[in-house]
Amino acid sequence: MKNKIILFFLFLVSFANASESIDATTFKKGNDLYNKGDYEQALKSFESIANQGNESADLYFNIANCYYKLGKVAPSIYNYEKALLLNPDDEAIQTNLSFAQKMAIDDIKILPEVGFKKMVKEFTSTFHYDTWAWLAVFIAFLSLLSFLGYYFGNTVFLKRTFFSLFLLFLVGIGVTIFSAFLQKKFDTNYNPAIVFAESTTLKAEPKNSSEDVVTLHEGTKVFVLEELGNWKQVELTDKTKAWIDKEAIKEVKAKN
Amino acid sequence: MKKILLVLFLSVFYNSISAQVKFEAQTERSSYGLNERIQLVFSINNEGDNFVPPKFPGFKAEGPFINKGNQTSITIVNGRVTQKREISTQIIYYLTPTKKGTFTIGAASIEFDETIYKSAPIKITITDPIQMPTYPGQQPTNVNYGEGIHLVAEMSTKNPYVNEPVTVIYKLYFEPRSIVGNFRNFKAPKYNDFWSQYIDMKQLRAERGKYNGKDFSMVVLRKVILYPLEAGAKTIEPFKIDLDAEVPTGRRDWFGEYEMRVIQKSLSTGMQTINVKPLPENGKPEGFTGAVGKFDFVVKPSKTSLKAGESLDLEVSVSGKGNLKLFTLPKPVVPSALEMYDPAHTENVQTPVTGMTGKISDKYTIIPQFKGKYTIKPMEFSYYDLASKSYKTITSKEITIDVAEGDGTFVANTPSANKQAIQKKEVFQFNKLKTEFISASKKDFLGSGLFYSLLFAPLLLIPIVMIARKQKEAKDADVVGNRVRNNNRLVKKYLSEAKKQMGDKVPFYMAMEKALHNFLKAKLHIETVEMSKDNIIELLQQRNASEISISQFMELMNDCEFARYAPATETAMHNDFDRAIEIITELEKQLK
């Protein structure tokens, strides 16, 4: 019985390895085609990987590069943003995104967030919320160890040291869990979308007869807040809020 | 003139009586023939300002002619001389009736000494033309003179589409024998709701033409091109002109020539209505800005590859035939990194009779700010084709502009706070060559059961550890229980054999003895050979055992030895066993 289970696991592992290597080959093939200048075919290779349910920041980056070379603004920016979601600190992605954004027509002011909320956001965004969660678990174990050290320590010095550590770790657990949930909340509320329609008019209310607010063009980034019928309420980077036709945008977090 | 004097006299007469300001309107009679001229006099017995004439419906008015009178009257009554100075003002209009009927001429007003005076309205009845008295030597007035002169507006179409050109030609027809001239008082309509353009005739030239099937001479006075701006029935005001014409009187003079007579004539084309059709809604393209005609649309950049900071011109032009001046050109949409300035608009349009032709263009100056490849989206231009009665759309090609790295000076000078300024060395990054794939459908760890169990397990372990230790301490603190447990342990260790043999005298006491020996061996680390009683006592004393315990132990050992050979009861055996337990426990404690 034991042997069978081991075999099964071995099989699983080998299978996973096999599928990974297929993806890696396709990835390499895509890069070769890209280097030759055949962006259409390179794009097809990269997208076939994505369609199989695998992803990586690099994959989306390469897809975006292909779209950029083909002169398609919206899909290019969309995939750069997707890559940035997975790897927010990558400089290559940021650089190429700024290249792609220059192809876009709208130039909307970016109003920075200020104050306490910004500080909190900066802190919580140090890690992904799952990383925060693992950190919390790790600190929980550390606090257990330090408690044991305190509880069974037989000198006053040891007891004092371990007790202070224990308190410190308890605070640590609180901070990490709080950060994890806060970061998850921020993450859920952060819903960027890219305008795909060549040009679309934003309305003050979710109906066609409403007053026009602004006209956006392909490639502009908006943040989705609400949804109602065929309309989505979005916020622009200059904090303007308006309703947009649902079909005109594509949410970056949406599955393909 | 006689009449005027009469009126003057009358008014003076009145004034002298009333001696107050009087303002009135008068005519000679209240009934005139259609062919008579009416003299209408407004008179005031003082100086007046701000005279406002009434309207003269049904009349053609000439005037005003102003007459100021100044009269001094001297009266001598019974040798007393009174001198009176009278001032009077007359405003005279000559009215020519245009139709029959009864007309009311409204009140005129005049201001004197800050008071406004109004005349009473007067009624005038116009009857059929009357036979004017003929005087010898005067030509009989022929009212039919000039009947053969016609002013006509010819329109190319009376039913155009919006923005379809309509040509209006004003023509004057007259009898070939007549001579017309001295055109004056051109009164051209304003053409509301139309875009209009005159084509002035540099020289009026008579041609032969036909009017109502008869031969006439014809002069084209003016040509106008109209573009209707909105749909609906639109009226065009009449075109009016005054002229002098030399017309034959129908008589011959002494030399047998036709006798000619110069008459003044006012001509009008009369009101005309154009029914403007709207352009069909069906199939109207989205970007339609009202262009009607036949056009060609071109979008042309001056260059497609340049350095950042240099400029290029993008010309958007429409050429062809149609309402070129009446629509707007589509605006190009460029990426924000291309700075586009307001266009220079040029029009090169001629307007012949058939409508506008030529070319209009917008020239945009574009300066790319950054290196990169930018696309200018295809532009669409739609127009309504009158020939095929359908909308046509021309789409320009997509233009790709390749911007190379500039020398940097321009980029550095541009304050663009909202743009992330790309550093000079920054280039478009190549693809990533290596990657690690993860499944796109990864489950969150945060909030999962595993997360909570891993998080709370250590925290839950803390109270468990505390409880465990508390229980252990409680156990340690239980004295009686501890003793029992300790005894049991010792019994198990040394007296288990003896317990088995309980009731069987000889083996029981042998086991007891052996057990005691074993206890000593374990506790005092001595061999069986060394076990003399003195030795044992000495060793026990050395290990701080109490005298009582030692004597009890020795006593027990002796008892065991004797009991083997003496009769012993079951009860005695139990007693000895208990004693052994007690002493071993006691010694165990003391020998620690």
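Select A:Leu85 in this predicted model; A:Leu85 sits in helix α4 of chain A, which covers residues 73-86. With a relative accessible area of 31%, A:Leu85 is partly exposed.

Next, show helix α3 of chain A, residues 57-69, beside α4(A). The two helices pack with their axes 8 Å apart, at an angle of about 165°. An angle over 145 degrees counts as roughly antiparallel, so that is how α3(A) and α4(A) run relative to each other. The crossing of α3(A) past α4(A) is left-handed.

Turn now to charged side chains. Opposite charges can pair when the charged atoms come close. Over all chains, the structure holds 20 salt bridges.

Select A:Lys203 and A:Asp212, whose closest N and O atoms are 2.6 Å apart in a salt bridge.

Move to A:Lys246 and A:Glu227, another salt bridge, at 3.1 Å from N to O. A:Lys246 is in the loop between β7 and β8 of chain A, and A:Glu227 is in strand β5 of chain A, 19 residues apart.

Go to chain B and select B:Arg579 and B:Asp559, which form a salt bridge of 2.9 Å, N to O. B:Arg579 belongs to helix α8 of chain B and B:Asp559 to helix α7 of chain B, so the pair ties together parts 20 residues apart in sequence.

Finish with A:Asp58, A:Asp90 and B:Lys432, joined into one network by salt bridges that share partners.

Conventions
Residues numbered from 1 in each chain as written. Chains lettered and ligands numbered in written order. Predicted model: local features only at pLDDT ≥ 70, side-chain atom pairs only at ≥ 80, totals over all residues. Heavy atoms only, no water. Helix = DSSP H or I, 4+ residues; strand = E, 2+ residues; numbered from the N terminus. Buried < 20%, exposed > 50% of the residue type's maximum accessible area, 1.4 Å probe, protein only. Axes fitted to C-alpha atoms, helices over the stretch in contact; angles between N-to-C directions. Parallel < 35°, antiparallel > 145°, perpendicular 65-115°, else oblique. Left-handed = near helix turned anticlockwise from the far one by under 90°. Salt bridge = Lys/Arg side-chain N within 4 Å of Asp/Glu carboxyl O.
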